[in-house]
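The sequence and the model come first, and notes grouped by topic follow.

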Amino acid sequence: MIALCATHHAKADAFTVKQMREFKNNAQNEIVKGRFEWLRDEVLARIGGNYFFKNQVELRICDVDVVWFERDDAGNLCLNINFIEVRGQKLWVHPIMRNNDWIFNTNVLDIDCKASGKELEVKFYDGSMVSIAFKEIKTPGEAIDFDENMYGLLDNLKEVMDGVGDETLPLLVADIKFKFPKLDLDFTKNITSSNSGFMMQGCLMIGNYYGVQIG
């Protein structure tokens with residue numbers, strides 16, 4: 001058996017059994033990559049249960065820009081992510097997403113990429129992880145279903161968006177979660193926390209240079 005993406009599944013009958021076996025034998029040498037096609041002129045980021053909008057850099061950790069957006073030639077916001085790996089006393093920065101294009105080498109434990117093109121989760125051998133999911137919120141009811149804190153936050157976006165009230169919708173949300181065990185940081189389960197007692201949830205950061213800076 002061999003796992004295929006949606007594109008190659010439709011083309012599976014083009015490959016011979018020998019070619020399929022070669023794909024499996026050489027898989028560990030291949031770079032895994034893809035692209036999120038979600039492009040909007042405004043994107044609300046949710047990182048560890050907190051919301052970020054129109055910041056120069058949404059999240060910065062240990063002097064590393066971890067999450068930020070850049071506009072493409074058409075004016076759409078594209079997601080950029082750096083991942084932090086801890087080796088001994090040193091931090092290694094891996095550019096895992098550039099303008100909605102993601103790429104990983106095979107030095108990971110597991111990659112789960114949904115065929116819908118909406119979600120990606122990557123787990124590393126040291127217990128670190130990153131997940132990215134795009135969700136378009138179209139109605140107030142969908143906002144509440146997504147996060148009970150979100151509906152109240154929509155009113156706070158009025159001053160920085162053209163819409164008023166429900167006209168802020170539809171709105172694309174990039175839902176990003178991290179776990180950095182060696183940095184004692186957890187951005188999962190809709191909350192940002194550390195074992196030292198630091199905790200954030202349901203906050204909205206708008207129009208800052210750094211939305212949140214840690215370390």
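Two residues are in contact when heavy atoms of theirs lie within 4.5 Å. The model described here is predicted. Its chain has 215 residues, of which 40% count as buried. The secondary structure consists of four helices and 17 strands. Among the contacts in the chain with a separation of 6 or more, 54% are accounted for by residues 24 or more positions apart.

**Asn50**

- Strand β3, which covers residues 50–53, contains Asn50.
- Asn50 has a relative accessible area of 1%, and because buried means under 20%, Asn50 is buried.
- Apart from neighbours within four places in sequence, the contacts of Asn50 are Ala45, Thr192, Met200, Gln201, Gly202, Cys203 and Met205.
- With one of these residues, Gly202, there is also a polar approach: a polar atom of the Asn50 side chain lies 3.3 Å from the backbone nitrogen of Gly202.
- Asn50 is also one of the residues that line the largest cavity.

**Cavities**

- Two cavities of 30 Å³ or more are found in the structure.
- The largest cavity has a volume of about 40 Å³.
- Its lining is made up of Ile47, Asn50, Phe52, Leu59, Phe187, Thr192, Met200 and Val212.
- Thr192 and Met200, both in that lining, are also among the residues in contact with Asn50.
- By type, the lining of the largest cavity has six nonpolar residues, two polar residues and no charged residues.
- The second largest cavity has a volume of about 30 Å³.
- Around the second largest cavity lie Ile84, Glu85, Val86, Asp126, Ser128, Phe180, Lys182 and Leu183.
- Strand β6, residues 77–87, gives the most to the lining of the second largest cavity, with three residues.
- Four nonpolar residues, one polar residue and three charged residues make up the lining of the second largest cavity.

**Thr188**

- Thr188 sits in the loop between β13 (185–187) and β14 (192–193).
- The relative accessible area of Thr188 is 10%; because the cut-off for buried is under 20%, Thr188 counts as buried.
- The side chains of Thr188 and Asp186 are joined by a polar contact of 2.4 Å.
- Beyond neighbours within four places in sequence, Thr188 is in contact with Met129, Lys177, Phe178 and Lys179.
- Met129 is 59 residues away from Thr188 along the chain, and the C-alpha atoms of the two are separated by 9.4 Å.

**Aromatic residues**

- The whole structure has 10 aromatic pairs.
- Trp102 and Phe104 form a tilted aromatic pair, at 6.0 Å centre to centre and with 50° between the planes.
- Trp102 is buried at 5% relative accessibility, and Phe104 is buried with a relative accessible area of 5%.
- Phe83, Trp102, Phe104, Phe124, Phe178, Phe180 and Phe187 make up one aromatic cluster.

**Positive phi angles**

- Most residues other than glycine have a negative phi.
- Asp63, which is not a glycine, has a positive phi of about 65°.
- Asp63 is in the loop between β4 (57–61) and β5 (64–71).
- Asp63 has a relative accessibility of 56%, and because exposed means over 50%, Asp63 counts as exposed.
- Asn100 is not a glycine either, and its phi is positive at about 75°.
- Asn100 lies in the loop between β7 (90–98) and β8 (101–104).
- Is Asn100 buried or exposed? Asn100 counts as buried, at 1% relative accessibility.

Key
Residues numbered from 1 in each chain as written. Predicted model: local features only at pLDDT ≥ 70, side-chain atom pairs only at ≥ 80, totals over all residues. Heavy atoms only, no water. Helix = DSSP H or I, 4+ residues; strand = E, 2+ residues; numbered from the N terminus. Buried < 20%, exposed > 50% of the residue type's maximum accessible area, 1.4 Å probe, protein only. Polar contact = N/O pair within 3.5 Å; in protein donor to acceptor, adjacent residues only side chain to side chain. 1 Å grid on protein atoms, 1.4 Å probe; cavity = no way out; pocket = protein on both sides within 12 Å on 5 of 7 lines; lining within 4 Å. Points joined across faces, edges and corners; volume = space filled by probe spheres on them. Nonpolar A, V, L, I, M, F, W, Y, C, P; charged D, E, K, R; others polar. Phe/Tyr/Trp six-rings, centres within 6.5 Å; stacked < 30°, edge-to-face > 60°.
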